[in-house]
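Me: Please take a close look at a single part of this model and describe what is there. Then go on to the parts around that place in the sequence.

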Amino acid sequence: MTAGHALPLEQAAQVLGVRPGTLRRWVREGCPTACPGRRGRGHALLINPAEVRQWREAGDRQALALELAQQLPEVM
């Protein structure tokens, strides 16, 4: 991922319509980041909102596929 379209966490959260704490949790769960944050000035966590949306949508599709697979034996 490139940092070209990346935003600081707080701004990315605002663009995505979620709270910064939610976005931090998503990062812990594997959400893609443009630049992992470190301590100290100038080392903020940068996030590309478009890639976060893709990551979330992929997770939603996978959850739906798992749900359908669990119901398949009942249908058969």
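Reply: Asn48 lies in the loop between strand E2 (46-47) and helix H3 (49-75); helices (H or I, at least four residues) and strands (E, at least two) are DSSP runs, numbered from the N terminus. This is a predicted model, in which local features need pLDDT of at least 70 and side-chain atom pairs count only at pLDDT 80 or more, while totals for chains, interfaces and linings use all residues. Residues are numbered from 1 along each chain as its sequence is written, and side-chain values use heavy atoms, with hydrogens and water left out.

Asn48 has a relative accessible area of 7% and is therefore buried (under 20% relative accessible area; exposed is over 50%, partly exposed in between, with a 1.4 Å probe and protein chains only). The Asn48 side chain reaches the backbone nitrogen of Ala50 at 2.9 Å.

Val27 belongs to helix H2 (residues 20-28). Val27 counts as partly exposed because its relative accessibility is 22%. Not counting residues up to four places away in sequence, Val27 touches Thr33, Leu45 and Ile47, where contact means heavy atoms within 4.5 Å.

In helix H1 (residues 9-16), the buried residues are Leu9, Ala12, Ala13 and Leu16. They cover an arc of only 100 degrees around the axis, so they sit on the same side of H1; the arc is that of the directions from the helix axis to the C-beta atoms. After H1 comes Gly17, with a positive phi near 75 degrees.

Methods
A polar contact is a pair of N or O atoms within 3.5 Å; within protein, one must be able to donate a hydrogen and the other to accept it, and residues adjacent in sequence count only if both atoms are side-chain atoms.
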